[in-house]
Structures are given as C-alpha cells and as structure tokens.
Amino acid sequence: MSTLKPITGAQAAAEAMRQINPDVVIAYPITPQTPIVEHFAEFVANGLVDTETIPVESEHSAMSAAVGASAAGARAMCATSSQGLALMWEIVAATPGLRLPIVMPLVNRALSAPLNIHCDHSDVMGVLTIGWIQIFCENAQEVYEHMLLALRLAEDERVLLPVMVNQDGFITSHAVEPVRIYDDGIVKKFIGERKPKRYLLDVDNPFTVGPVALPDFYFEIKKQQEDATYSAKSVYLEIGKELSKITDRSYPYFEEYKTSDAEAIVVALNSTAGTVKDVVDEMRDEGKKVGMIKPILFRPFPYAEMREALKNALSIGVFDRSIAFGAYAPLYSEIRNALYDLQKKPAIQSYIYGLGGRDIFKSEIRIAFNELLEGKLDSNLQRYLGLRG
Amino acid sequence: MSDKKGYKELEIGTILPPGSSLEYKTGGWRVLKPVFDPSKCTHCMICVVFCPDMAIPVTECQEGVQGKGGKVYKGLVRSETDFDYCKGCGICEVECPTGAIKMEREEI
C-alpha cells in the first residue's frame with residue numbers, strides 16, 4: 001500500500017508531481033525551489049511521467065506558459081520561491097481571475113533586499129490578496145499529501161482556482177525525513193484526469209479566454225471568483241475525507257495540539273509548529289497548560305472555526321515569520337480578526353521571529369509561552385524573538 | 001446595467017463566444033483620421049498587413065477598381081477604412097509606399 005522513503009520536502013513535492021503526472025511543467029530554477037524541478041526533470045528523463053517540460057527564460061514566462069497550457073486544457077504545474085514569485089506576480093495575479101487550476105509548490109524564502117536565500121514567509125504573505133488558495137505544510141509528509149489534495153481542490157468544478165502549497169525553504173525543502181509514499185495506482189485513481197468543460201484546443205467550440213472586462217462586468221466577475229474561493233472551504237474538507245481513506249490521516253483547516261484545556265496557545269505556521277509542539281510537550285510535563293495551533297488552509301481563512309478553537313484560551317501568542325511593514329503582522333491580523341466577535345476575548349500578543357532564515361530555538365518559544373502565562377501582554381505592540389537589541 | 005447578466009448568471013472565468021471584440025467599437029478613440037485617395041493606391045496590401053486593428057477591409061473584385069495611374073486593379077482590393085474600429089494610429093500613412101493615405105484631424 002505504501003513505502004517509506006528518506007526524502008526532502010522538495011523531493012516530496014516532486015514525488016507528488018510524478019504521481020499527478022501533469023501534461024506540462026514549466027518552472028525556472030530558483031533557490032530553494034530548484035530541487036523540485038531537478039527531481040521532476042529526472043522523472044521526465046527516465047520516462048516515469050508523460051510530462052512535457054518547457055525551459056523558459058524567467059519566472060514571468062514560466063507562469064505565462066503555465067497559464068497558456070492550462071487554458072488549452074492541459075494539467076499544468078509550476079514551482080517557485082521568493083524573487084521568482086515576485087517576478088511572475090503579474091501572471092500569478094491573473095491566474096485566479098482566469099479560473100485556471102494550476103498547482104504550484106512555493107518554497108518559502110525571504111524577499112530581497114537585503115538579498116537572502118533562507119526561509120521566511122515574506123514571499124507568500126505578499127500575494128495573499130490576489131486569490132490563490134493557500135495551503136501551509138509543516139514537513140515533507142504534509143507537502144506530499146497536500147500536493148495531492150491541492151490538485152483535486154484546484155480542479156474541482158466548484159472551485160477552479162490555482163493553489164499554492166507552501167513549505168519552509170531549506171528547513172523543509174532540503175532536510176531528509178522519512179516520507180510515506182502511497183502506491184501509484186491508488187494515488188492516480190484519487191487524482192484522476194483533468195476534464196475541463198471548455199478548453200482552447202477544443203477547436204469545434206471556440207471561445208475567448210482573458211478578454212477585457214470594463215466597469216460594466218469586472219465587478220461581477222470578481223464576485224464570482226470570491227464565491228469560488230469561499231466554496232473551496234467545504235470542498236477542501238470533502239476531498240480531505242477522500243484522501244484520508246488512503247492515508248489514514250485527517251485534513252482539518254488547522255492542527256490543534258493539546259489546546260482543549262490550554263490557557264496559553266501559540267499559533268505558528270509551517271516547520272516552526274513542530275518545534276512549538278516539542279516545547280508544549282516539555283511544558284506540559286512541568287504542569288503548564290499550554291497548546292499550539294498550526295493553520296494549514298490559510299486562504300480561504302477559516303475565521304469561525306479558528307474563533308471556536310481559541311475562545312477558551314486566556315492568552316494567545318501569534319508567531320509571524322514576516323513583517324507587514326506599518327501594519328499588524330499577516331498571521332496575527334487573521335487571528336486578531338477571528339477573535340473580534342467574541343464577547344470575552346483572550347489576551348493576544350504578536351511575535352515576529354526567524355526573518356531571513358534565523359533559527360528559532362525552544363528557549364525562545366518558552367520565553368513567549370511564559371509571557372503568555374504571566375499575562376503581561378500588549379496587543380498593540382509586536383515583540384521579537386531572537387532579535388539583537 | 002440591468003440588461004446585463006449578474007454574477008450568478010455569467011459564465012465563469014470570463015469565458016465569452018469567439019470574436020466578441022467585434023462588439024466593442026473602438027473608433028471613438030480616434031483623433032486623426034486616415035483619408036484614403038483611391039487614385040494613388042496600387043492595392044499592394046501593405047496597409048492591410050500593418051493595420052493593428054484589422055480595420056482595412058479587403059474584398060474580391062472581378063470587374064476591378066481604378067487605382068494609381070488610372071490602372072484597373074482586379075482580384076483582391078482594399079476599400080475604405082472601417083471607422084468603427086480604426087483608432088487613428090497613423091501606421092497606414094507611414095507604411096503606404098504611394099502616399100495614398102493622409103492623416104487629418106477629425107472634426108466633429
């Protein structure tokens with residue numbers, strides 16, 4: 001039924017792509033995403049997939065070609081990081097409006113300047129408003145499984161939107177872990193074939209893709225896109241249940257770790273969540289009531305469910321691996337928003353950590369938990385973990 | 001507004017029938033107008049190829065039309081610019097090898 005393979009997060013994404021067997025993959029190498037396309041190119045060279053790979057001269061062209069292929073009716077995929085995402089932004093923004101189900105692994109890396117190749121979340125946080133579905137992964141296993149889920153979610157007729165599957169640069173993308181890979185036959189049956197209702201290569205039924213829509217139509221088209229984004233919420237759970245039958249794992253909007261009686265809860269994305277769970281275990285042994293929440297589906301954001309999960313906590317610390325300059329940090333904003341409708345709100349504190357790949361240590365997470373337990377918090381001021389004063 | 005489809009009825013992904021740009025007449029953008037002098041035209045089709053808006057119609061004409069030097073040109077010939085779509089860019093004037101097109105300010 002499955003095999004355990006010692007692979008990296010990048011390889012896990014490539015393994016999922018091998019089983020998805022897209023018609024077209026177009027990507028431009030960029031650290032730390034490069035190993036995804038390298039491993040996938042190996043599969044192509046060895047004849048393990050039927051994919052056509054197209055070498056292009058930039059990320060802008062990569063996403064443009066992926067859009068063209070997807071509109072033509074192909075299953076098209078791309079992959080990128082940081083500056084690459086920044087360069088392809090124009091087409092990344094057009095993709096959801098065109099309702100093209102392109103799945104793209106994004107290996108999170110700090111945005112320049114200063115130039116830095118290591119992990120933070122400033123790349124993805126800059127594209128949250130344009131309509132891609134966003135899924136975050138703690139480790140290589142989640143990358144593999146979420147890629148499969150993302151593909152089905154993107155291509156579902158009720159959704160038809162592109163999906164980014166995020167993993168932490170180097171920390172996840174380059175570290176080897178045991179990853180359970182499920183049998184090709186079973187996964188391929190789950191994935192199925194893309195069968196678009198309309199596609200450009202259907203020459204008997206010509207139509208127009210990407211026309212101008214002026215003030216008389218643009219608004220309506222964007223409302224359609226918004227509705228599709230919200231409908232992705234229930235479709236995500238539905239497809240997750242189907243995937244559970246193969247993997248025996250569940251696919252909630254967010255992971256709750258020892259939160260049911262927790263007084264202090266830390267909310268953290270991606271690989272940091274793993275470290276936080278270690279600290280939760282240690283502090284639980286000391287009798288402290290602490291817990292952790294790791295958001296997975298980030299767009300659409302599950303506000304009501306998050307509010308329900310956090311309502312009994314006394315204090316909440318939100319860890320952001322990027323700064324929203326001049327505003328509350330991106331994850332902190334969502335959590336703070338989710339709590340607004342509560343009559344009795346928990347105290348909340350914003351923490352910035354790990355910019356440009358700076359490691360976060362258990363001792364620092366412990367400092368945050370202790371502050372949360374002591375209750376000396378200021379919801380208007382962000383604090384910094386691991387910053388030199 | 002009310003005669004147009006709302007967001008619940010519109011096809012998703014801005015999918016439209018082919019050739020829908022024909023319904024969008026851009027001639028109103030024009031400031032300068034190409035004035036075509038058939039007596040100087042050799043029907044070489046250079047203006048037709050260069051026109052970015054496909055606004056110069058070409059027709060089959062067996063009896064022929066009179067062009068440069070009083071010569072009769074038969075077969076494919078160009079006719080008057082389609083002012084529903086001509087934006088008045090002036091490329092045809094620049095490209096015409098016989099000076100058969102002159103851009104003039106359009107008075108309303």
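Is Cys47(B) buried or exposed?

Guide: In this predicted model, Cys47(B) is buried, its relative accessible area being 9%. The closest cysteine sulfur to that of Cys47(B) belongs to Cys44(B) and lies 6.2 Å away, too far for a bond. A disulfide would require the two sulfur atoms to be within 2.5 Å. In chain A, Cys119(A) is also buried, with a relative accessible area of 1%. Its sulfur is 12 Å from the closest cysteine sulfur, that of Cys137(A), which is again too far for a bond.

Elsewhere in chain B, strand β2 (residues 58-66) runs antiparallel to strand β3 (residues 72-78), and six bridges join them. Within this pairing, Val65(B) stands opposite Tyr73(B). The two strands form a hairpin with five residues between them, and Gly69(B), in the turn, has a positive phi of about 70°.

Chain B also meets chain A. Together they bury about 1600 Å², 66% of it on carbon and sulfur atoms. The contact draws 17 residues from chain A and 16 residues from chain B. Two salt bridges are found across this interface. One of them joins Lys4(B) to Asp216(A), whose closest N and O atoms are 3.6 Å apart. On the side of chain A that touches chain B, α5 (89-98) and α9 (218-247) are the elements that give two or more residues. Of these, α9(A) gives the most, with five residues.

How values were computed:
Residues numbered from 1 in each chain as written. Chains lettered and ligands numbered in written order. Predicted model: local features only at pLDDT ≥ 70, side-chain atom pairs only at ≥ 80, totals over all residues. Heavy atoms only, no water. Pairing = 2+ DSSP bridges. Helix = DSSP H or I, 4+ residues; strand = E, 2+ residues; numbered from the N terminus. Buried < 20%, exposed > 50% of the residue type's maximum accessible area, 1.4 Å probe, protein only. Contact = heavy atoms within 4.5 Å. Buried area = accessible area lost by both parts, 1.4 Å probe. Salt bridge = Lys/Arg side-chain N within 4 Å of Asp/Glu carboxyl O.
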